[in-house]
Amino acid sequence: MNIVFDLDGTLIDSAPDIQAVSASILQKLGKPPLTLEEVRSFVGEGAKVLVSRMMAARGIEETPDAHAKIYGDFLAEYQFAVDKAVFYPGVVDAFAVLKASGHKLGLCTNKPQEPARAVLRHMGMEPVFDAVISGGMIDSHKPEPDMLLRTIEDLGGGATLYVGDSETDAETARRAGVPFALYTEGYRKSPVEDLPHDWLFDHFDRLQEIVKEAQARQTAAQ
Ligand SMILES: O=C(O)COP(=O)(O)O
Ligand SMILES: [Mg+2]
């Protein structure tokens, strides 16, 4: 089956890199940096939303021009911010196991294309995915279902499990009608019971089992 992953807060903890970019931008504006906690709570709906939240948190008035300027400066640095990213425990082994079992793997992230491509390259993840859809590639973003549906289409269609960490991912899966496994150690803000999900897991060594269950459900439904 297809397994489609979210990126930030699901496969990698990229908050320290994003914090560094935001600190550099805010410093130029004479403002204190964001805390890691703030960054984690601002990620998940793409960089434009993140910049809006950053501006609000530091009392910078959000006119369209001010946002466009700060977003442009943010993006210019974002693609070089890869050094601090780390995989969550068990992710690399899970890729190997799932690929060896013949599953197709996809990535569906709201992270903009350039920084997404840069971090995939930096972490050696490029060969892992059979399809990648990142922020700005289509005219819609999660939690709208289109990015996920497009990723599935690019994988050739068929039964799919979506794996993500946030409110945005749970809602995307619900709207797309795709079974959803919620990784609980990412950037989620609400209690797990408030997020629609089919499975919960806190370590990637559980994922293979979840994929088997998803396949069994899919077979039973046919
Ligand atoms: O909001 C972002 O830019 C990161 O998004 P992701 O959680 O969809 O990878
Ligand atoms: Mg995420």
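Arginine 188 has 23 C-beta neighbours inside 10 Å and therefore counts as buried; a residue is called buried if 20 or more other C-beta atoms lie within 10 Å of its own, exposed if 12 or fewer, and partly exposed in between, with C-beta atoms placed from the backbone. The model is a predicted one, in which local features need pLDDT of at least 70 and side-chain atom pairs count only at pLDDT 80 or more, while totals for chains, interfaces and linings use all residues. Residues are numbered from 1 along each chain as its sequence is written, and chains are lettered from A and ligands numbered from 1 in the order in which they are written.

Arginine 188 sits in the loop between strand 7 (180-183) and strand 8 (199-201). Here helices (H or I, at least four residues) and strands (E, at least two) are DSSP runs, numbered from the N terminus. Leaving aside residues up to four places away in sequence, arginine 188 touches Asp165, Ser166, Glu167 and Leu195; two residues are in contact if their C-beta atoms, placed from the backbone, lie within 7 Å.

A contrasting case is found in helix 9 (residues 207-221), the place of threonine 219. Threonine 219 counts as exposed because it has 10 C-beta neighbours inside 10 Å. Threonine 219 and alanine 159 are 60 residues apart in sequence, and their C-alpha atoms are 9.5 Å apart in space.

The strands can be followed next. Strand 4 (residues 104-112) has eight of its nine residues buried, so it is largely enclosed by the rest of the structure. Strand 1 (residues 2-5) pairs with strand 4 in the parallel sense over four bridges; two strands pair if DSSP finds at least two bridges between them. In this pairing, asparagine 2 stands opposite lysine 104 of strand 4. Strand 4 also pairs with strand 5 (residues 131-135), again parallel and over four bridges, and leucine 107 has valine 132 in strand 5 as its bridge partner. From strand 4 the chain crosses through helix 6 (residues 113-122) to strand 5, in a β-α-β crossover that is right-handed. Right-handed here means that, with the strands pointing away from the viewer, the path from the first strand over the helix to the second runs clockwise.

Strand 6 (160-164) is mostly covered, with five of its five residues buried. In a regular strand the side chains alternate between the two faces of the sheet. On one side of strand 6 the buried residues are Thr160, Tyr162 and Gly164, and on the other they are Leu161 and Val163. Strand 1 pairs with strand 6 in the parallel sense over four bridges, and phenylalanine 5 stands opposite valine 163. Strand 6 is joined to strand 7 by three bridges, and these strands run parallel; the bridge partner of valine 163 in strand 7 is alanine 181. A right-handed β-α-β crossover takes the chain from strand 6 through helix 8 to strand 7.

Helix 8 (residues 167-176) has Thr168, Asp169, Ala170, Thr172, Ala173 and Ala176 buried. Their cover includes helix 7 (146-154), strand 6 and strand 7. Just after helix 8, glycine 177 takes a positive phi of about 70°. Another backbone feature is the cis peptide bond that joins lysine 142 and proline 143, with omega about 15°; proline 143 lies in the loop between strand 5 and helix 7.

At the level of the whole chain, the domain assignment gives domain 1 (2-13 + 85-221) and domain 2 (15-78); such bounds come from an automatic or database domain assignment. The centres of the two domains, taken over C-alpha atoms, are 25 Å apart. Across the boundary, 13 residues of domain 1 are in contact with eleven residues of domain 2.
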